Amino acid sequence: MAREGDGRQHSRWGRSAPPHPGTSADRLLESAESRTRTQPRFLLLGEAGILLAVIGLLDYATGAEISFSIFYLTPVVFATWFVGKRAGITLAVLSAAVWLYFEMTTGRGYESVIAPYWNSLVRLGFFMITLLLLERVKKAAVRERALARTDPLTQVANGRAFEDRAQVALGMLRRNGRPLTVAYFDLDHFKTVNDRFGHSEGDQVLRAVTSTVDGRLRNTDMLARLGGDEFALLLPETDAAGAARLLDGVVSSLSRTLDGRWAVGMTMGAVTLLDAPDSIDDVVKLADALMYEGKRDGRGKLVHRTWNSVDGLIDPHPVAFR
């Protein structure tokens, strides 16, 4: 996206935003996890139990000549991934027991009385090893997913996480009609800090910014670093009056933090949406344009307006806070 006033070129979500995962398997797994996350754990465990019962009945109906061994692993994997380790252990024990029962009732003969029980213990061991490895894989996936959505320097959300949450917030706006506020800001004279004191001092500035802003936000809000010294705020279900109060506290705290040590300022553009635009790109462009309006007016300003699909941007509220 081209920025007015300084000729810089940026992507939609800033320089540091990583791309979305490219494989269909990743998207399918994330979709399944998002659906199961809203279901009670006991219901998911019940679904795993039903799956095991279906597999057992099919095993019994097809007789001893057709192997169903790999299918008994399915409910164990399901329970471990979507419910947890204890649920996986429960399904592992049940799977081994059901497999033993139907194997012994389908007419398969053993020369040794203990052979079927030994085989069941071996299968149980296989299930246990599988679920323990799967648990490790899931933990690693969760960590990697978190890192993919976190800015490594400041530890706040990055552009990708912001886009995902903003899409959800827009969906809520379309459903319930409650206003959504998005703010976009960057630091004035930040380059001077890097030039005079080095990038390590600039990193301290960015960390101070995120720490200060985070302390003023609610649990439902999000601060994201989009790249360089550019940040975005997502304030779900926040009308113009509520956003003005919250943003005033944010910019006042930031002014005290930045002016006191680094003589760095900030300019912020904020838009309160009364209905939903076509995409989150449109929202960011609105907030971004308001921020650059504040820069053209002399920097050190919060420019806050409301927006609706009929009238566009209305109610200009430029506020100087330096």
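# Close-up views of a predicted model

**Figure 1. A nonpolar surface patch of about 440 Å² is built from M104, V113, I114 and Y117.** Patches consist of residues with over 30% relative accessible area and no salt bridge; nonpolar side chains (Val, Leu, Ile, Met, Phe, Trp, Tyr) are joined within 5 Å, like charges within 9 Å. Accessible areas come from the Shrake-Rupley method with a 1.4 Å probe, and for residues only the protein chains shown count as cover. The model is predicted: local features need pLDDT of at least 70 and side-chain atom pairs count only at pLDDT 80 or more, while totals for chains, interfaces and linings use all residues. Residues are numbered from 1 along each chain as its sequence is written, and side-chain values use heavy atoms, leaving out hydrogens and water. I114 sits in the loop between helix 4 (85–105) and helix 5 (115–148). Helices (H or I, at least four residues) and strands (E, at least two) are DSSP runs, numbered from the N terminus. Is I114 buried or exposed? I114 is exposed, at 59% relative accessible area. Here buried means under 20% relative accessible area, exposed over 50%, and partly exposed in between (1.4 Å probe, protein chains only).

**Figure 2. Helix 5 and its cover.** The 34 residues of helix 5 should span 50 Å at 1.5 Å a residue; the end C-alpha atoms are 49 Å apart, which agrees. The expected span is 1.5 Å times one less than the number of residues. Buried residues of helix 5 are A115, P116, S120, R123, F127, L131, L134 and E135. Residues three or four places apart on an α-helix point the same way, because there are 3.6 residues a turn. Helix 3 (73–82) and helix 4 are among the elements that cover the buried residues of helix 5. What does S120 touch, not counting residues up to four places away in sequence? S120 touches A96 and L100; contact means heavy atoms within 4.5 Å. S120 is buried, with a relative accessible area of 8%.

**Figure 3. Helix 3 and the residue after it.** L73, P75, V76, A79, T80 and W81 are the buried residues of helix 3. G84 follows helix 3. The phi of G84 is positive, near 150°.

**Figure 4. The largest nonpolar core holds 29 residues.** A nonpolar core is a set of buried Ala, Val, Leu, Ile, Met, Phe, Trp, Tyr and Cys residues joined through side-chain atoms within 4.5 Å. F185, L187, V209, V213, L233, L247 and M268 have the most contacts inside this core. Two or more residues come from each of strand 1 (180–188), helix 7 (190–197), helix 8 (199–214), strand 3 (230–235), helix 9 (240–261) and strand 4 (265–273). Which helix gives the most to this core? Helix 9 does, with 7 residues. Another core lies apart from this one; it has 27 residues, including L173, L180, L226 and V303.

**Figure 5. Contacts of L233.** Neighbours within four places in sequence are left aside. L233 is then in contact with F162, T181, V182, A183, F185, V213, L217, M222, L223, L247 and M268.

**Figure 6. K295 forms a salt bridge with D186.** A salt bridge is a side-chain nitrogen of Lys or Arg within 4 Å of a carboxyl oxygen of Asp or Glu. The closest N and O atoms of K295 and D186 are 2.8 Å apart. The pair links distant parts of the chain. K295 is in helix 10 (residues 280–296) and D186 in strand 1, 109 residues apart. K295 is buried at 12% relative accessible area. D186 is also buried, at 2%.

**Figure 7. Two further salt bridges.** R218 and D221 meet through their side chains at 2.7 Å, N to O. R218 is partly exposed at 35% relative accessibility. D221 is buried at 8%. Salt bridges that share partners also join D186, D188 and K295 into one network. In the whole structure there are 9 salt bridges. Another of them pairs the side chains of D164 and R149 (3.3 Å, N to O). D164 lies in helix 6 (residues 159–176) and R149 in the loop between helix 5 and helix 6, so the pair ties together parts 15 residues apart in sequence. D164 is partly exposed, at 26% relative accessibility.

Figure 8. Of its 322 residues, 44% are buried. The protein exposes about 16,800 Å², and carbon and sulfur atoms supply 58% of that area. Among contacts between residues at least 6 apart in sequence, 68% join residues at least 24 apart.
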